Amino acid sequence: KSIEYAPVGKLGGYRADESYIAKHIENILALPLVDAEAVRSKGYRVVVDAVNSTGALAVPPLLEALGCSTILLNGEINGQFAHNPEPLKEHLGQLAMEVRLQKAHLGIAVDPDVDRLVFMCEDGELFGEEYTLVAVADYVLARNGGGNTVSNLSSSRALRDVTQKHGGQYSAAAVGEVNVVEKMKATHAVIGGEGNGGVILPELHYGRDALVGIALFLTHLAHSGKQISTLRKTYPEYQMVKNKMERSPEIDLDKVFAALQEKYRNEQINTEDGLKIDFESGWVHLRPSNTEPIIRVYAESTSAVIADNLARKIMQDVWELR
């Protein structure tokens, strides 16, 4: 069957519609899980770091609709990021200072395309990017009477703990939003995402969305009646370390991974994306990078020291088994 293409002069029309952020916010506020009145009653004062990108367009209108007063940092939408745009602790010193200075109830940082979401406590300490999804999932599962959840293999064990607390089943997916979404659909998950601050609510759409994450989190915070730092203390305390090692030509990863599986055959093993070994004390995830000649080695435990020791032990194993 031949394909007919439109001539270059008849490709169609173009029109601009700048109402879609407002429409998206309306859809979020209409969700049964979002209690706008409860949030409005708290009158939260929020400092937002929009990193001079689209967060400056999207986050303040949502907060205004939720009755929050907003102090906007880096709100000039010029694409010239005020700092490294990854919403990590080492890049958010200005936000921490302003939250304390303004005596704000919390701070919010998003990445340039507003799909990663990080909260800051009233004392200037991070809530923890891994705990954005954990807290939102805790609220959604409590309201739904349980349900299944999904995050990627490099995300915190805390989501599994919270899911099991509510009687649901947790599943891990390969790293990457599309892999998480596929697993969410397969397991009928009611909430999922990634530990980098990405929240996916199927009831709205299958994509990471900081705006719906903000609305759900603020509802959860309002219902709890707690300060954000106090809410954080209600969740399991895990520490994650992220290492990497050179993937030299002498390392035969297939051979090494097979040897590691044999060595740790009494532990829980997942080979869906690299190799993840779940120990009683924590886990280690080894994953070859798709863009660099390195092996990413993430580990998590109840303390950073234990996590680091686990990672170093497995990295030593890799050299010995290569």
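**Exercise 1.** Determine what share of the contacts in the chain with a separation of 6 or more comes from residues 24 or more positions apart.

*Solution.* A contact is counted where heavy atoms lie within 4.5 Å. Among the contacts with a separation of 6 or more, those between residues 24 or more positions apart account for 63%. The model is a predicted one, in which local features need pLDDT of at least 70, side-chain atom pairs count only at pLDDT 80 or more, and totals for chains, interfaces and linings use all residues. Residues are numbered from 1 along each chain as its sequence is written, and side-chain values use heavy atoms, with hydrogens and water left out.

**Exercise 2.** State what part of the 322 residues in the chain is buried.

*Solution.* Buried means under 20% relative accessible area, exposed over 50%, and partly exposed in between, with a 1.4 Å probe and protein chains only. By this criterion, buried residues make up 51% of the 322 residues.

**Exercise 3.** Locate Val51 and Asn74, and describe the phi of Val51 and of Asn74.

*Solution.* Begin with the elements, which are DSSP runs numbered from the N terminus: helices are H or I of at least four residues, and strands are E of at least two. Val51 lies in the loop that runs between β1 (45-49) and α3 (55-65), while Asn74 belongs to the loop between β2 (69-73) and α4 (93-101). Next, take the backbone: most residues other than glycine have a negative phi. The phi of Val51, however, is positive, near 45°, and that of Asn74 is positive as well, near 50°. Finally, consider burial: Val51 counts as buried because its relative accessibility is 1%, and Asn74 counts as buried at 16%.
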